[in-house]
Amino acid sequence: MYINGQWIKTDKQLAVTNPATGEVVDYVDLVGSKETEEAIQAAEAAFPAWTALTADRRAAYLEAIVDKLKEKKEHLAQVITKEMGKSIHNARNEVNGAIAFFKWYAEEARRVYGETIPASAPNKRITVIHQPVGVVAAITPWNFPLSMTARKLGPALAVGCTVIIKPSSEAPLSSVELFKIFDEVGIPKGVVNLTIGKSSEIGDVLMQSKVVRKVSFTGSTEVGKILIRQSADTVKKVSMELGGHAPFIVFEDADLDLALNGVVSSKFASTGQQCICANRVYVHDSIYDEFAKRFLEKVEQLKVGNGLDESNQIGSMANKSGIEKVEEQVADALEKGAKVLHGGHRLTEGDFADGYFYSPTLLADVTDDMKICFEETFGPVAPLIRFTSEEEVIQKANNIEYGLAAYFYTNDVSRVYRVSEKLEYGMVGANDSSPFTVQAPFGGVKESGLGREGGFYGLDDYLETKLVSVGIKL
Ligand code: NAP
């Protein structure tokens, strides 16, 4: 653990295992409420000096972090793959994402502009300034253990906040590596603090603290709701990046090559364990059979195995509960009439014996009553659902409590605008399966979240807006 600029040893250790092999990758020290209190005090003490630095000075620290991340890129990718199983190709992309976030916010740190507003009295001048919220608690998931941390720490540090971060205890090693970098570049003590341990214990202390003014969370909707309730007692600002259940719609006039490449990357990257993964694939009745045939050809070619092996495109799933949920959803779909076109089972023989491997799966004839259509899947299973009209598919796509990402493919420009405006989602990709980029807002509506990360929108969540009205002599 890293608290107030020191690495802390405790008497409790956690073994982090590689989900592809069951082997222990490394151990981390676990902390509890006492150390979390110390981390909060350290962040509070460090805040005045950190926030008083010029934006240029803070940007220089972020630029130094970028240089170190680039230097250690391959090592970091290996750590991600070993601790949570995704393919090394996906892990390298994740490190690139983390670099991009720190780089963008190093630049954006200098652009926290204020405003002046015309007053209604001649002897008044109205100014609006933006100031850092103060001490921030950031809680992150295992599926993007490095980039989710970067997406929060980049803007928080850029605007002058100090931070306590609690990564998932399933994949804490990427955060430990990031904190080694913070230490190497000499981030002042107390500005960044790392606590790993029992989530409810650390979470309760962070949420009850009056010093912590903001909580930024990425994880499940279920835990997000707990944190929103807990934040009420101290009226903290909250940002919530929660679960998703993305519809992927292929209209009858779509470019099928584009749509097929899009659906494969959206569904199977990170072994299907992304909040923005295609979760329901709606295909127009008139092209359904051809699409299914060509999708199957692509799925058959996907190579599964230990993520560290360069030749594998799909790594292991991250944990036992994840693979069991996938098994349960597939069993439920088959019981209710779906057909397996490919996969539909766990891989357990030979090299797969000690890991959480699930065959890339394509299901046909999926219907709305199957769990896979309304529960987040978080695994490499693509369900195909037929539709016949634009109106019907929009209604189906929106008929869910999630609202994170949605995708659709069409060559009709009017439909591009019509459908984009009607989809109740925070992010829409039209003929684009990967609209996510550092300079754009990322986030969901409905039960997928509150607030936006990324771009200049990502700074807002770490800033308070202050009115300064000055009376002057004329
Ligand atoms: P999770 O179970 O909600 O856990 C997320 C984080 O919250 C972990 O650090 C976890 O710690 C911690 N946590 C759990 N219970 C807590 C509590 N009572 N108080 C405080 N912290 C608590 O989610 P996950 O399984 O790690 O991640 C998968 C979920 O994240 C999916 O639903 C996915 O859609 C979502 N996600 C959303 C986005 C987005 O940007 N919208 C991005 C990525 C992932 P422990 O692991 O130590 O228990």
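Mentor: In this predicted model, the shell around the ligand draws at least two residues from each of α5, α7, β10 and α8. The shell comprises 28 residues, and T140, S169, S220, L242 and E376 are those that come nearest to the ligand. Sorted by class, the shell consists of 13 nonpolar, 11 polar and four charged residues.

Several polar contacts can be listed within this shell. A polar backbone atom of T140 lies 2.7 Å from an oxygen atom of the ligand, while for R151 a polar side-chain atom is 2.9 Å from an oxygen atom of the ligand. S199 also contributes through its side chain, with a polar atom 3.2 Å from a ligand oxygen atom. Taken on its own, the ligand has 900 Å² of accessible area, and the protein covers 87% of that area.

As for the space around it, the ligand sits in the largest pocket, which holds about 1,100 Å³ of space. The lining of the largest pocket is made of 42 residues, and W142, F217, G219, S220 and V223 lie nearest its centre. Two or more lining residues come from each of α7 (199–208), β10 (212–218), α8 (221–231) and α11 (320–335), and it is α8 that gives the largest share, with seven residues. By class, the lining of the largest pocket divides into 13 nonpolar, 18 polar and 11 charged residues.

The second largest pocket has a volume of about 720 Å³, and its lining is formed by 29 residues, with F144, Q274, I276, S434 and F436 lying nearest its centre. Here the elements that supply two or more lining residues are α4 (88–108), α5 (147–159) and α9 (256–268), and the largest share, six residues, belongs to α4. The helix α5 thus gives residues to the lining of the second largest pocket and also to the shell around the ligand, by the helix assignment used here. In class terms, the lining of the second largest pocket has 13 nonpolar, 12 polar and four charged residues.

The residues that line the largest cavity are G244, H245, A246, K267, G272, Q274, C275, C277, N279, E376 and F378, and they divide into four nonpolar, five polar and two charged residues.

Key:
Residues numbered from 1 in each chain as written. Predicted model: local features only at pLDDT ≥ 70, side-chain atom pairs only at ≥ 80, totals over all residues. Heavy atoms only, no water. 1 Å grid on protein atoms, 1.4 Å probe; cavity = no way out; pocket = protein on both sides within 12 Å on 5 of 7 lines; lining within 4 Å. Points joined across faces, edges and corners; volume = space filled by probe spheres on them. Helix = DSSP H or I, 4+ residues; strand = E, 2+ residues; numbered from the N terminus. Nonpolar A, V, L, I, M, F, W, Y, C, P; charged D, E, K, R; others polar. Near = heavy atom within 4 Å. Polar contact = N/O pair within 3.5 Å; in protein donor to acceptor, adjacent residues only side chain to side chain. Areas by Shrake-Rupley, 256 points an atom, 1.4 Å probe, with all protein chains shown as cover. Sits in = over half its atoms within 2 Å of the grid points.
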